[in-house]
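Please read it alongside the sequence and the structure shown here.

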Amino acid sequence: MTGKRKKRPHGEITREKLIEATVRILSQEGLSAVSTARLAREVGIVQSGFYAHFDSLEACISVAAERIGEKIRASLAEGLALLGSQGAGDYHLVKAQYRRLLTELQQQWVFVELLIRYFRDPSPLGRALSRVQQGLRSDLVSYLTRVVEPLNLPKGGRPQAGFMADLMVSMTLSAVESLRWEPELDQELVAHLLALQTLNTGKHLVEWMMTNKIPLKTEGG
């Protein structure tokens, strides 16, 4: 006999509904559309009841921003796992993953715009967006480090992987901006160019590291 499912406290359910409403509004309409009055109305509580769950509107928005970021990060992780299992250097696979990621980010354009604009801001929202950006970078660095690991490079190639990850994040966000502001721009072309740029840069970076390989110092060396 299975036990009964433990019910979540009413307050926790309401807090989750507030986050979900904020995610929806933030994704579809942008930062200016989010207010405590609207969120309270969306979940069926009085406006003052909002503060039983969050200290401020910005705190709620920050949690929602990280929630959206987690979804994007999960999509990226899915693509990296596929590349890792089927071939990191396969142009068609890399292009397909860029195409999928571009589609995801275009659907989350309002959030992407916030990320580009505020991730260096010292506010709670800026710090939340910075964590999203750093999470995406960290996932890419880990993946790229595993790709070059068989080459037995100094420091495992991690500094170079970090540089490559920064390039990939910057290129992808710039590509999404271009697709947004140039509606006639072909996404297929953009994915093609991103794939070529990534593979070519990766190839030349590895060649440079191999040519300029510096032996690791031994203890006492």
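This is a predicted model: local features need pLDDT of at least 70, side-chain atom pairs count only at pLDDT 80 or more; totals for chains, interfaces and linings use all residues.

Residues are numbered from 1 along each chain as its sequence is written, and side-chain values use heavy atoms, with hydrogens and water left out.

Helices are DSSP runs (H or I, at least four residues), numbered from the N terminus. Helix α3 covers residues 57-86, and because its 30 residues should span 44 Å at 1.5 Å a residue, the 44 Å between its end C-alpha atoms agrees with expectation; the expected span is 1.5 Å times one less than the number of residues. Within α3 lies G69, which is buried at a relative accessible area of 4% (buried means under 20%, exposed over 50%, partly exposed in between, with a 1.4 Å probe and protein chains only). Not counting residues up to four places away in sequence, G69 touches F111 and V132, where contact means heavy atoms within 4.5 Å.

Q97, in helix α4 (residues 91-107), is likewise buried, at 14% relative accessibility. Leaving aside neighbours within four places in sequence, Q97 is in contact with G79, L82 and L83.

**Salt bridges**

A salt bridge places a side-chain nitrogen of Lys or Arg within 4 Å of a carboxyl oxygen of Asp or Glu, and by this rule the count comes to 11.

| Pair | N to O distance |
|---|---|
| E42 and R38 | 3.6 Å |
| E188 and K95 | 2.9 Å |
| R99 and E188 | 3.1 Å |

E42 and R38 are 4 residues apart in helix α2 (residues 36-43), so about one helical turn separates them; both belong to a salt-bridge network that also links R24 and E29. E188 is partly exposed at 32% relative accessible area, as is R99 at 29%, whereas K95 is buried at 14%.

**Surface of α8**

L196 lies in helix α8 (residues 187-211) and is partly exposed at 32% relative accessibility.

Note on methods
Helices (H or I, at least four residues) and strands (E, at least two) are DSSP runs, numbered from the N terminus.
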